[in-house]
Amino acid sequence: MKATKNDEINILGIESSCDDTSAAIISNGVILSNIVANQKVHEEYGGVVPELASRAHQKNIIPVVDLAIKRAGISKTDISAVAFTRGPGLLGSLLVGTSFAKGFSLASGIPLIEVNHLEAHVLAIFIREKEEEYSYPDFPFLCLLVSGGNSQIILVRNYFDMVIIGQTIDDAAGEAFDKCAKVMGLPYPGGPHVEKLAKKGDPLRFKFAKPRIAGLDYSFSGLKTSFLYFLRDNLKENKNFIEENKADLCASLQLTIVDILINKLKKAARQTGIREITIAGGVSANLKLRHSLEANADKYDWNIYIPKFEYTMDNAAMIAMTGYFKYLERKFTGYDVVPFARTQL
Ligand code: KG4
């Protein structure tokens with residue numbers, strides 16, 4: 001094991017599962033740097049183009065890691081282990097991060113730690129920015145993980161003991177935001193644009209059907225289709241329908257998605273008797289979702305824990321944080337490791 005000055009455990013985290021190249025340094029559980037290079041190249045295609053994403057990762061990874069180490073104020077030789085996203089994600093993108101991490105680990109003689117991207121989203125709530133008292137969720141807690149690829153309710157019994165108790169049977173919540181935004185002519189990714197426009201709109205103006213799915217599972221493909229048909233029918237009457245009603249459309253869509261997400265979370269809390277609740281993933285940046293969670297926390301006496309915006313999106317800080325917990329338990333990875341496009345927790 002590498003001994004660093006003052007017994008610091010410095011973890012370099014690498015995230016390259018989709019279209020953001022990110023590197024971060026966590027020192028004894030405290031974040032020192034978190035660099036994210038977004039790939040603008042996908043905007044004109046209305047979605048991520050896997051081949052272009054891998055190429056951009058290849059170009060970005062060295063400067064991004066370099067900057068993360070510089071910003072952290074440490075040197076390469078102070079790093080105790082390198083943690084990387086093994087999956088799920090785009091295979092070509094994951095290969096760039098995985099290969100880089102293997103090379104870095106071999107060249108520096110430090111352990112390699114594989115991280116499940118979904119587990120990392122959940123554990124992002126433990127990221128600290130300073131050496132001070134933080135309030136963390138007690139185990140067991142429920143995490144609503146909502147991103148472009150996932151909508152899940154996860155029962156978290158411990159750092160590495162998680163069970164999915166509800167999940168989408170088709171599209172994810174982020175996909176619903178993105179696809180509905182696309183038909184309104186908004187740029188990709190659509191979620192933040194919908195949220196911005198929704199601020200000026202009436203959320204009760206239009207009603208969209210909510211799915212009736214058993215148990216704790218979600219479904220968003222019906223909403224997407226009904227939104228599309230609703231626009232198509234109204235455009236027949238008025239070709240400016242979208243332009244004239246964009247803010248109300250966004251507000252009504254956002255409210256529908258948030259209600260669907262929160263209703264199942266309430267059910268999960270009722271069924272499990274758990275009142276410790278967290279959120280994670282790109283969609284958890286949504287303020288309407290955050291406010292709805294706060295309102296329900298008051299009503300049902302939940303203790304809620306909401307991550308900072310920068311740790312909700314894909315980022316390497318959460319990979320380094322998870323890597324830190326694994327480092328403490330000596331959960332290291334061999335060099336024969338290969339990435340997974342699809343994994344469960
Ligand atoms: O976790 P994430 O960064 O990437 C993965 O899916 O892995 O999540 C991206 C998703 C996109 O669908 C994006 O539209 C959505 O998160 N998103 C939002 C907001 N910010 C990002 N959705 C609604 N409101 C937001 N403010």
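Reader: In β7, which residue is the bridge partner of F141?

Author: The bridge partner of F141 there is V156. This is a predicted model, in which local features need pLDDT of at least 70 and side-chain atom pairs count only at pLDDT 80 or more, while totals for chains, interfaces and linings use all residues. Residues are numbered from 1 along each chain as its sequence is written, and side-chain values use heavy atoms, with hydrogens and water left out.

Reader: How do you know that β6 and β7 pair?

Author: Two strands pair if DSSP finds at least two bridges between them. Strand β6 (residues 141-146) and strand β7 (residues 151-158) are joined by six bridges, so they count as a pair by that rule. They run antiparallel. As for the names, strands (E, at least two residues) and helices (H or I, at least four) are DSSP runs, numbered from the N terminus.

Reader: What makes β8 and β10 the edge strands of their sheet?

Author: Each of them, β8 (161-167) and β10 (303-305), pairs on one side only. The open sheet has five strands in the order β8-β7-β6-β9-β10, with mixed pairing. From one strand to the next the twist averages 25 degrees.

Reader: And what is the strand order of the sheet that holds β4 and β5?

Author: That open sheet also has five strands, in the order β3-β2-β1-β4-β5, and its pairing is mixed. Its edge strands are β3 and β5. On average, neighbouring strands are turned by 20 degrees against each other, direction ignored. Within it, β4 and β5 pair in the parallel sense over five bridges, and F84 has E114 as its bridge partner in β5.

Reader: Which strands does helix α2 lie across?

Author: Helix α2 (residues 91-108) lies across β1, β4 and β5, at about 160 degrees to β4. Axes here are lines fitted to C-alpha atoms, for helices over the stretch in contact, and angles run from 0 to 180 degrees between N-to-C directions. Helix α9 packs on the sheet as well, touching β1, β2, β3, β4 and β5, and its direction makes about 135 degrees with that of β1.

Reader: Why is α9 called mostly covered?

Author: In α9, 12 of its 13 residues are buried. Buried means under 20% relative accessible area, exposed means over 50%, and partly exposed lies in between (1.4 Å probe, protein chains only). The buried residues include M318, Y324 and F325. They pack against β1 (10-15), β2 (20-27), β3 (30-38), β4 (81-87), β5 (112-116) and α3 (117-123).

Reader: How do you know that N60 is buried?

Author: N60 has a relative accessible area of 18%, and the limit is under 20%, so N60 counts as buried. This residue sits in helix α1 (residues 50-72). Not counting residues up to four places away in sequence, N60 touches T21, A37 and Q39; contact means heavy atoms within 4.5 Å.

Reader: What makes D233 and K236 a salt bridge?

Author: A salt bridge is a side-chain nitrogen of Lys or Arg within 4 Å of a carboxyl oxygen of Asp or Glu. In this pair the closest N and O atoms are 3.9 Å apart, so it falls within the limit. D233 and K236 are three residues apart in helix α6, which separates them by about one helical turn. D233 forms a salt bridge with R232 too, with the closest N and O atoms 3.6 Å apart.

Reader: Why is K236 called exposed, and why is D233 called partly exposed?

Author: K236 has 63% relative accessibility, and over 50% means exposed. D233, at 38%, counts as partly exposed. R232 is partly exposed too, at 44%.

Reader: How many salt bridges does that rule give?

Author: The count comes to 16. D171, E175, K179 and K224 are linked in a network of them.

Reader: Which residues touch the most other members of the largest nonpolar core?

Author: They are L144, M184, F220, I257 and L261, in a core of 44 residues. Such a core is a set of buried Ala, Val, Leu, Ile, Met, Phe, Trp, Tyr and Cys residues joined through side-chain atoms within 4.5 Å. Its largest share, 14 residues, comes from α7. M184 touches, among others, V194, F227 and L231, not counting residues up to four places away in sequence. Apart from this core lies another, of 35 residues, among them I11, I113, F126 and M318.
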